[in-house]
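Please look at the charged side chains in this model before reading on. The points below take up the salt bridges.

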Amino acid sequence: MDIWTILEYAAWALSALFALLMLSDMVRIDTTYDNDLLTSSREGEIEAAAERHTL
Amino acid sequence: MVDTKTASGQPERLQLLRVLGPAHIWALGVGIVLVGEYMGWNFAVGKGGMIAGLIACWVAGLLYTCVAMIDSEVTSTVAAAGGQYAQAKHIVGPLMAFNVGLFLVMAYTMLEAANAITIGFLLDTVAGMQGHSGLHQQPFIVLCVMFLAWLNYRGVLATLTFNLVITAIAFMAIIALFLSVQFGVSSVPLDFSAVTTDPMPYGWIGILASLHFGLWYYLGIEGTCQAAEEVRSPARSLPYGTMAGIMTLLIAATMTWYVCSGLIPWEYLGQAGTPLFDAARVTGNRGLMVLLFIGTMFSTLASANGCINDASRAWFSMGRDRYLPIWFGAVHPVYRTPYRSIIFLVPIALIFALGAPLDQVVTFSILSGLLGYTFMTFNMVMFRKKWPLDTIKRGYVHPMHPLPTIVLLILCATAYVAVFLGYGTQLIAMVSFYIIASLWFHFRRYRFVRRGDQFTMPWPRPEGY
């Protein structure tokens with residue numbers, strides 16, 4: 001087994017790790033926080049707070 | 001469940017974090033695009049010869065300069081995640097916004113897939129040079145997408161700081177190659193004799209066809225405005241970052257053409273997989289070879305990274321406005337990223353990266369981008385007409401309106417002809433897809449949109465309304 005074959009297995013393992021990290025965190029967040037809070041972002045609120053479009 | 005009330009009793013709201021500066025905007029725009037200097041643009045040379053490559057470089061440069069100017073003005077005013085999608089929503093209307101949102105997601109997701117394919121190809125090439133044949137590219141393609149998605153998931157500041165570093169290194173590698181060749185490091189002298197002996201091997205039709213791949217030099221610079229909701233001072237940073245980005249790319253593109261065309265015969269250059277790396281190999285300098293290989297890898301990673309950032313913001317914005325299920329409009333309470341959108345787009349990118357040929361994926365990305373640029377032309381005209389200069393504050397006002405708009409429209413029409421010459425079926429398939437999606441949105445989805453909530457800018461009533 002040469003270095004490239006080992007790297008192939010390592011790439012699969014790391015891919016699975018990153019996928020697991022993201023999915024487990026998403027499940028944790030979705031079960032910890034209320035969905036209304038998670039989807040509470042509003043486009044205009046940020047804009048209105050930052051600057052007023054008047055001359 | 002966690003308490004969702006603030007101290008004043010008002011419901012708490014999760015927003016994307018405003019942590020970015022102009023340098024991050026530059027890194028986002030140039031990072032997405034710079035891979036086009038490292039590969040892809042050279043097929044323009046194959047279509048029409050050495051001169052065609054230069055004409056495509058500058059004509060496409062003019063097209064994207066118009067894009068950058070128009071985008072800078074509008075986005076310095078409509079500073080919201082989603083970029084052109086948010087612009088279309090406020091200036092044109094919901095159906096246009098839905099289509100523009102899809103253009104953005106398709107363009108960036110396809111480009112991300114193309115970058116992942118390229119990473120696999122590059123590693124396969126290196127493995128082959130070391131005597132390992134038959135490398136399985138799939139694990140490296142999957143790892144590229146997964147790692148960058150994870151990085152994006154964890155926060156925008158780290159993501160775009162990472163992009164800033166690797167994009168700067170990739171850009172400096174092009175400068176280093178140019179200077180090295182100029183100061184005689186190359187063992188092979190620059191040779192531009194084909195400019196006079198064989199200037200247009202396929203005539204004017206070759207020049208026209210080359211424009212398709214000339215777009216590669218700059219494709220994606222408009223992605224800067226996706227960061228509008230995460231930048232500290234959008235009215236200042238977005239125009240600075242975008243205009244600095246297009247200037248960087250014009251310099252990088254011209255240097256790239258100059259070095260590659262001078263070192264590599266156009267017949268070979270027109271088919272090369274990694275033209276800048278190949279040019280470094282021609283110089284015979286090992287240090288330059290290593291530097292340009294690193295530049296190729298970094299530019300590809302930076303592009304995929306920026307694409308994940310931009311596609312997820314566009315998808316998130318559409319979810320937030322209920323153009324798509326609201327589920328996609330969620331913000332991570334700790335990392336403040338659109339985490340569900342990031343995760344949702346991972347398998348879509350992987351399907352294209354693992355199952356579709358590179359040229360098809362790239363063409364779909366270019367076509368979606370072109371449709372978006374076409375939208376910008378009448379979006380700009382409507383913006384100036386509905387809200388003239390003396391009605392709302394703009395962070396940047398582009399000069400000579402409507403000349404850039406007219407030039408952009410003419411160049412877009414020319415680019416459609418150029419793409420149709422090589423990929424007519426894909427062009428028709430893509431347009432058909434967007435028509436079907438529009439029908440679905442109009443008849444099935446728009447009923448769920450909260451029509452008053454989506455128009456959020458504190459602007460005065462438009463002229464004539």
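**Notes on the salt bridges**

1. Arg313(B) has a relative accessibility of 0%, so this residue counts as buried. The model is a predicted one. The partner of Arg313(B) is Glu230(B), and their side chains form a salt bridge with an N to O distance of 2.7 Å. Arg313(B) belongs to helix 14 (residues 286–320) of chain B, while Glu230(B) sits in the loop between helix 10 (203–214) and helix 11 (234–263) of chain B, so the pair ties together parts that are 83 residues apart in sequence. Glu230(B) is buried too, with a relative accessible area of 0%.

2. Side chains of opposite charge can pair when their charged atoms come close. Arg384(B) and Glu73(B) make such a salt bridge, with 2.7 Å between the closest N and O atoms. Arg384(B) is in helix 16 (residues 358–386) of chain B and Glu73(B) in helix 4 (residues 50–75) of chain B, so this pair links parts that are 311 residues apart in sequence. Buried means under 20% relative accessible area; Arg384(B) counts as buried at 14%, and Glu73(B) counts as buried at 0%.

3. Which chains does the salt bridge between Lys89(B) and Glu43(A) join? The N to O distance here is 3.1 Å. Lys89(B) lies in helix 5 (residues 84–91) of chain B and Glu43(A) in helix 3 (residues 43–50) of chain A, so the pair joins these two chains. Both residues, Lys89(B) and Glu43(A), are buried.

4. Lys89(B) and Glu43(A) also belong to a network of salt bridges with Glu229(B), Arg320(B) and Asp321(B). Over all chains, the count comes to 10 salt bridges.

How values were computed. Residues numbered from 1 in each chain as written. Chains lettered and ligands numbered in written order. Predicted model: local features only at pLDDT ≥ 70, side-chain atom pairs only at ≥ 80, totals over all residues. Heavy atoms only, no water. Salt bridge = Lys/Arg side-chain N within 4 Å of Asp/Glu carboxyl O. Helix = DSSP H or I, 4+ residues; strand = E, 2+ residues; numbered from the N terminus. Buried < 20%, exposed > 50% of the residue type's maximum accessible area, 1.4 Å probe, protein only.
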